[in-house]
Amino acid sequence: MNELAILTKAMLQERKDIVMAILGGFIAGIAGVCLFATSGYLISQTVFAPPLYSLIVLTSLVKILGLVRAAARYAERLYTHRATFSMLSRLRTAFFAKLVPLTPGVLNQKRSGDLLSRIVGDIESLQHYFLRVAYPPVIVVMVFLATVLFTSAFSIWIACLFILGMLAAAFVVPAIVMLGQRKNHGRVREQRSALSTEVTELLYGFRDLKVYGQLQQRGEQLESASAALTAEQQAAARHLLRGQSLHVFVTFLISWSVLTLGALLIVEGSLAGVFLAMLVMISQTVFEEAAALATLPAYKQDSEHAAKRLEETVRAADVLAEQPSGKLPAGQAVSIELSGVSFQYEDEWRPALKDVSLHIPSGSKTAIVGPSGSGKTTILELLLKLRTPAEGQIRFNTTSIQELDEAGLWQAANVVLQHSHFFRGTLRDNLLLKEEAHSDEALSAILNKVQLPDKLLDDMVYEKGENLSEGEKQRLALARVMLRTGRLWLLDEPTSSLDYITEQRVLRHLLAQAADDTLILISHRLTGLEAMDQILVMDHGQVIEAGSYSDLMKQKGYFYEMKQIELQMIEGS
Amino acid sequence: MKRRTGLISEYMSTQRKRRALLAGFSLALGAAITCQAVLLAEAVNKIFVERVSVSSAAVILGLLLAVMAARTLLSYGNGLIGLHMAADAMATMRARVLRKMTQASVPSSLRGQTGSKVSVALDAVDEADSYFSQYMPRMMEAAVIPVLILIVIFTQHSNSGWILLCTAPFIPVFMILVGLQTKNKAEEKFAQLAGFSGTFLDSLQGLVSLKLFGLARRQQQEIERSSLGYRDATMGILRIAFTNTFMLESIVMLGLGIIALELALQLLVFKSLSFHTAFLILLLVPEFFNLLKNTGTAFHSGRTSMGALRKVEEMLAEATEESAAAEQPEAYEGGLHRMPPTIELRNIRFQYAPGMFGLSVGSLSIQPGEQIAIAGKSGAGKTTLLHLIAGLLKPAAGEVLVNGRQQTQIEETSWFEHVSYITQHPYIFAGTLADNIALGAGRNVSRAEVVQAAEAAGLASVVAELEQGYDTLVGEGGRGLSGGEKQRLALARAFLKHPSVILFDEPTVGLDLHTERILQRSIAELAGQATMITVAHRLYTIRQADRILFMDKGEILDCGSHDELLERLPQYAEMVKAGKGEQHE
C-alpha cells in the first residue's frame with residue numbers, strides 16, 4: 001500500500017471536492033433505497049385501505065425522493081470528476097518536481113523515450129484509482145450501514161442477513177474473481193507487450209526481413225502470438241463476467257432470503273406483513289448500489305502496478321544528498337583536469353569512458369572529435385555534474401567537482417546540448433530565459449551574429465521549436481548562450497546542421513566572444529579545427545590522440561586517417 | 001441507428017448461429033425476468049395478503065430460487081456468447097491486419113508512423129472488442145426483453161402500459177441527445193488530452209536543458225497551470241453531459257412516480273386492481289427502465305468501438321489495393337544461379353505519390369560482375385533507383401529485366417536468395433548475435449559458418465569482448481551495438497549469403513576507423529564474385545567503380561567512368577571539387 005502514498009496525499013489535497021462527492025453519493029444512494037422502500041410500503045399500505053391523503057403524501061414522497069436522487073447523482077458526478085482531474089494535475093506536477101533532481105541519471109539515454117511515455121501512461125492510469133477504487137467502497141459502506149440501521153428497526157434478523165450478504169458481495173465474490181485473476185492479468189500484459197514488440201520489429205526491420213526472405217516466417221510467428229493474446233484476453237474477460245454474474249446472483253439470493261426469512265418472521269408474528277414488500281425492494285436496491293465492488297480489484301491492481309513503477313522511478317529522490325556549497329570563481333576562466341575517469345551507463349554493457357585523463361588549461365580552446373558513441377558527450381555530462389563518474393577525479397582549478405554546487409556550476413557555464421529545448425512564446429522569451437536585462441538592440445545584434453538577421457524578436461516559437469528548422473534551432477541555442485556571462489563554454493555539436501560557410505561565421509563570432517574563456521567544443525567535423533589550441537581524439541571511451549591540428553596531421557595517426565576519410569566524402573554538407 | 005461498417009457486416013454474416021442463439025437466450029432471459037417478478041409478487045401476496053403458512057409457499061419460493069438461478073445463468077450465457085464473438089472477431093481482424101503488414105510492399109511499409117500502425121494492430125483491435133462483447137448482447141436484450149415486459153404489463157393493467165409507452169421513448173431520445181452533444185466535444189477533448197500528455201512528455205524530455213538554465217521550476221508551474229486549465233475546460237463539457245443525464249433520470253423517476261400514484265389510486269379508489277398485480281407492475285417497471293438505460297451505455301461504447309473499427313478498416317483497405325495490383329508470379333528461377341545476372345532497366349518511371357518526387361530512367365544495362373556507383377546530391381533519387389533495381393519498389397511504367405526475364409515474373413523469394421542489401425542502418429533483431437548473422441543465410445547454418453562470416457566482417461574482435469560470445473543477446477532488450485558494429489554485422493550477413501548481387505548504401509557519417517577499413521576491404525572481397533551497385537558517398541568508392549551513374553532530380557544525367565564524367569559533366573566535376581573544396585577553405 002506504500003506505493004499509493006503519493007495518491008493518498010493528492011487525495012487529501014482535494015478533500016473539499018471529495019467530501020462534497022461523498023455527500024452527493026450518499027444522498028443519492030440513500031434516496032434510491034428510500035424510494036424503493038417507500039413504493040413497496042405504499043403498495044402494501046393500500047391493502048389496508050388507508051385515507052387518501054396519506055397516499056398522496058406517500059406518492060409525493062416517491063416523486064421527491066426520485067428527484068433528490070437524480071440531483072444528488074448529478075452533484076456526485078460533478079465533484080468526483082473534478083477531484084479526479086485536479087488530482088491528475090497534482091500528480092503530474094508532483095512527479096515532475098521529483099524527477100527534476102534525478103535527471104538525467106534515471107533516464108537512460110537510449111530508452112528514455114520509452115520510459116518517459118510509460119511514466120505519462122502510468123500517471124494517466126492512476127486517475128482511475130479515485131473514481132473506481134477509493135471512492136466506491138466509501139459510498140457503499142455508508143449507504144449500507146444506514147440501510148442496515150433502518151432495517152434493524154423492523155427486524156434484527158433481516159439486518160443480520162444484509163450484513164451477511166454484503167460480506168459475501170464485498171469479499172467472497174471479489175476473492176473468487178481475483179482467484180487466478182492475478183496470474184491471468186500479468187499474462188495478458190506480457191502477451192500484449194510481446195506482440196507489440198514483435199509487430200514493431202517487423203515494421204522497423206521490414207526491408208531487411210524482405211531481402212532475407214524471412215517475412216513469411218515472421219508473419220506466422222506474429223499470428224500465433226496474436227492468437228495467444230486473444231486467448232488470454234478472453235480468459236480474463238470471462239473471469240470478470242463470472243464475477244459480475246456472481247454479484248447479481250448474490251443480490252438475488254439475498255432478496256430471496258429476505259422473502260423467506262420475512263415469511264417465517266411474519267408467521268412467528270415478529271414482523272408486520274406490511275413491511276415485507278418494502279424489505280424485499282430495499283434488499284434489491286442496496287445491493288445494486290454495490291455493483292462497483294465486483295470490478296474494484298482489477299482496477300486496484302492496475303493502479304498499484306502503475307504507482308509502484310512510478311515510485312521505483314523516483315525513489316532515489318528521497319535520499320538525495322545535500323548539495324555542497326562550493327562555487328566556481330566568478331568572472332574568471334577555469335582550468336579543467338580529469339584524472340583516471342571511468343563511467344558506465346546503467347544499462348550498458350561496456351564503459352562509456354575508460355580511464356580518461358586530460359588537462360584543459362584556463363582560457364584554452366579544446367575540440368573533442370571521434371566517431372559516434374566514443375564518449376564525447378559523456379565527458380560533457382560529467383563536467384556538468386549531470387552524472388557522477390564511477391572512478392577518477394574531476395577538478396575545476398583545484399576544486400574537486402564533488403565540492404561544487406550544481407546550480408552554481410550551471411550558472412557559470414554556457415552550455416549548448418545536442419538538442420536544445422524551446423518552448424511556446426516569442427523569440428525574445430526564448431532568448432531571455434533568465435531575468436537578464438538585455439536591450440532589444442543587443443538581442444538583434446546577437447541574432448545577426450548567429451546569422452539569423454531576418455528573425456524578429458516578436459516572432460512566435462511553437463512548442464519544442466516545431467516551426468524552426470534544425471539549423472535555426474542550433475543558431476538560436478547559440479544566441480541564447482552568447483547572451484550569458486559565464487566563462488566556461490561547453491558546446492556539444494552546436495553547428496552540426498549548418499552549412500560550412502554559416503558554421504564558420506557563427507563560430508568566428510563565438511570564438512571572438514570567448515577569447516579569454518575556457519571552451520570545449522565537441523565537433524562532428526574535422527574541418528575548421530585549425531584555430532583550436534588542442535584537439536582530443538576519442539575512440540571507444542578513450543582519448544587516443546591529443547594535440548594541435550598541425551601536430552596531429554604531422555603525426556599521421558588516427559586523426560590524420562579520419563581526415564583522409566572525410567576528404568573522401570562527397571556532398572559533405 | 002448507425003451505418004454498420006463493412007468489417008462488421010462482413011463478420012456478422014458469419015455469425016448467424018451465434019446471433020440466433022443470442023436472440024433465443026434474450027427471449028428466455030426476458031421470460032425469466034417476468035417469471036421472477038410474477039413469482040416474487042405471488043410470494044409476497046401469499047405471505048402478506050393471504051397469510052398462508054410458509055410451508056405452503058415453499059413451492060413458490062423454490063420456484064423463485066430456480067428462476068433466479070436460471071436468470072443469472074442466462075445472462076451469463078449471453079455474456080459468454082458476446083465474449084466468444086468478440087474473441088473470434090478480434091482474432092480474425094488482428095490476423096488480417098498482421099497479414100497485410102507482412103505482405104505490404106516496401107513503400108507502404110515505410111509510409112506512416114510505425115507507432116500508429118502498431119497501435120492499430122493492438123489498441124484499435126482491442127477497442128473493437130466492446131462492440132461484440134457489450135454492444136451486441138445488450139442491444140439484442142434491449143430489442144427483445146422490454147417488449148416482453150410491456151406485453152406482460154399490458155395484459156395485467158393497460159393504464160400502466162400506456163404510461164410506460166409514453167415515457168419510454170424519452171429515454172433513447174435523451175440518450176442520443178447526450179451522445180450527440182457531448183460525443184464530438186468529448187472526442188475533441190480526448191485528442192487534447194493526448195496532446196497534453198505529449199506536452200508533459202516533451203517537458204520531461206527537455207528537462208536537462210530546462211535544468212541547466214534553471215527553468216525547471218517555471219516549467220513545473222506551467223504544467224500545473226495548463227493541467228488545471230484543461231480540467232476546467234473538460235468540466236464544462238462534462239457538466240452538459242451530467243445535466244442531460246440528470247434530465248434523463250428525472251424522467252425515469254417521474255415515470256416511476258406516476259405509475260406508483262396510478263397504481264395506488266386504482267387500488268384504493270377504484271378498487272379495480274389486486275395487490276398482486278400492482279406489486280408485479282412495481283417490480284417490472286424498474287427492470288424495464290434499467291434495460292433501456294443499459295442500451296444507452298451500450299450505444300456509447302458501441303460507437304467508440306465503431307470508430308476504432310474504422311481505423312482498422314482504413315488500414316486494411318489501404319493494403320488491399322497494393323496486394324491486388326501485384327499479381328502472383330509463378331515459381332520460376334529465372335536462370336538465377338550463383339553467377340551474377342545481367343540486369344537491364346527499360347524506361348522506368350516511378351512516383352511515390354501524385355505530385356511528389358518522381359523518377360524516370362531510360363535504358364540501362366548492367367553486366368554480370370560490374371561495379372556500379374550511383375552518385376548525386378541528396379534527394380536526387382539514388383536510393384529510389386537502388387530500390388527499383390532491388391525489386392523493393394515496383395515501377396509505374398517500364399520494366400526491370402534480370403537475365404532477360406521480367407523481374408515481376410520472378411518469384412520474390414528466389415530473387416532475394418541471391419541479393420544482399422547493406423543499408424546505412426541495418427536492423428538488429430532481438431535475439432542472439434549468431435541468430436542475427438544467420439538471418440543472412442535464410443536457412444539453417446552451422447556455428448562454424450557463422451563464425452567464419454563474422455571473422456570476414458571483422459566482428460570477431462567484438463565477439464571476443466563478450467562473455468557469452470555469439471550467444472549474447474542483442475537488439476531490443478539486449479546489448480546495444482555501435483553504428484560501426486551494426487555495419488559489420490550487416491557485412492557478416494552478406495558473407496554468409498554469397499550473393500550474386502550486392503546493393504550497398506554507403507554510410508554518410510564517419511564510422512570508427514576500424515570499421516571504415518573493414519568496410520572497404522570486405523566490400524571489395526564480396527564484390528569479387530558479384531554485381532555490385534553502390535549508392536556512393538565516398539570519392540574512393542566512385543573511383544573504384546567501373547561505371548558511375550550521376551543522378552539529378554530523378555534522372556540519370558550521365559553514365560561513365562570517373563575520368564570520363566570529370567571531363568564531360570560539369571555538375572560531376574563540381575560535386576567532386578566541392579567534396580575536396582572544404583579542406584582549402
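This is a predicted model: local features need pLDDT of at least 70, side-chain atom pairs count only at pLDDT 80 or more; totals for chains, interfaces and linings use all residues.
The side chain of B:Asp88 meets that of B:Arg18 in a salt bridge, with an N to O distance of 2.8 Å. This pair links distant parts of the chain, since B:Asp88 belongs to helix H3 (residues 54-103) of chain B and B:Arg18 to helix H2 (residues 16-49) of chain B, 70 residues apart. B:Arg18 is likewise partly exposed, with a relative accessible area of 25%.

Over all chains, 35 salt bridges are found in the whole structure. Side chains of opposite charge can pair when their charged atoms come close. One of these pairs is formed by A:Asp405 and A:Lys327, at 3.5 Å from N to O. A:Asp405 lies in the loop between S5 and helix H13 (406-412) of chain A, and A:Lys327 lies in the loop between helix H11 (292-318) and S1 of chain A, so the pair ties together parts that are 78 residues apart in sequence. A:Asp405 is buried because its relative accessibility of 14% falls under 20%. A:Lys327 is exposed because its value of 58% is over 50%.

Another salt bridge joins B:Arg568 to B:Glu564, with the closest N and O atoms 3.9 Å apart. The two residues are four positions apart in helix H19 (residues 562-568) of chain B and are therefore separated by about one helical turn. Both count as partly exposed, B:Arg568 at 44% relative accessibility and B:Glu564 at 39%. In chain A, salt bridges with shared partners connect A:Arg69, A:Arg73, A:Glu76 and A:Glu289 into one network.

Chain A is divided into domain 1 (2-315) and domain 2 (336-572). The centres of these domains, taken over C-alpha atoms, are separated by 54 Å.

An open, antiparallel sheet of chain A has four strands in the order S2-S1-S4-S5. Strand S2 (353-360) and strand S5 (399-400) stand at the edges with a single partner strand each, so one side of each has no neighbour in the sheet. Within the sheet, strand S1 (residues 336-343) and strand S4 (residues 391-396) run antiparallel and are joined by five bridges. A:Ile336 is placed opposite A:Phe396 in S4(A). The loop between S1 and S2 of chain A contains A:Arg350, which is buried at a relative accessible area of 18%. The side chain of A:Arg350 makes a polar contact of 2.6 Å with the side chain of B:Glu485.

Strand S11 (residues 534-539) and strand S12 (residues 542-547) of chain A are also antiparallel, with five bridges between them. These strands form a hairpin with two residues between them, and A:His540 in the turn has a positive phi of about 50°. Most residues other than glycine have a negative phi. A:Asn397 also has a positive phi of about 50°, although it is not a glycine. A:Asn397 is found in the loop between S4 and S5 of chain A and is partly exposed, with a relative accessible area of 27%. A:His540 is partly exposed, at 39% relative accessibility.

Helix H2 (15-46) and helix H3 (52-99) of chain A each supply at least two of its residues, and the largest share, three residues, comes from H2(A). A:Met20 is found in helix H2 of chain A and is partly exposed, with a relative accessible area of 35%.

Key: Residues are numbered from 1 along each chain as its sequence is written. Chains are lettered from A and ligands numbered from 1 in the order in which they are written. Side-chain values use heavy atoms; hydrogens and water are left out. Buried means under 20% relative accessible area, exposed over 50%, partly exposed in between (1.4 Å probe, protein chains only). Domain bounds come from an automatic or database domain assignment. Two strands pair if DSSP finds at least two bridges between them. A polar contact is a pair of N or O atoms within 3.5 Å; within protein, one must be able to donate a hydrogen and the other to accept it, and residues adjacent in sequence count only if both atoms are side-chain atoms. A salt bridge is a side-chain nitrogen of Lys or Arg within 4 Å of a carboxyl oxygen of Asp or Glu.
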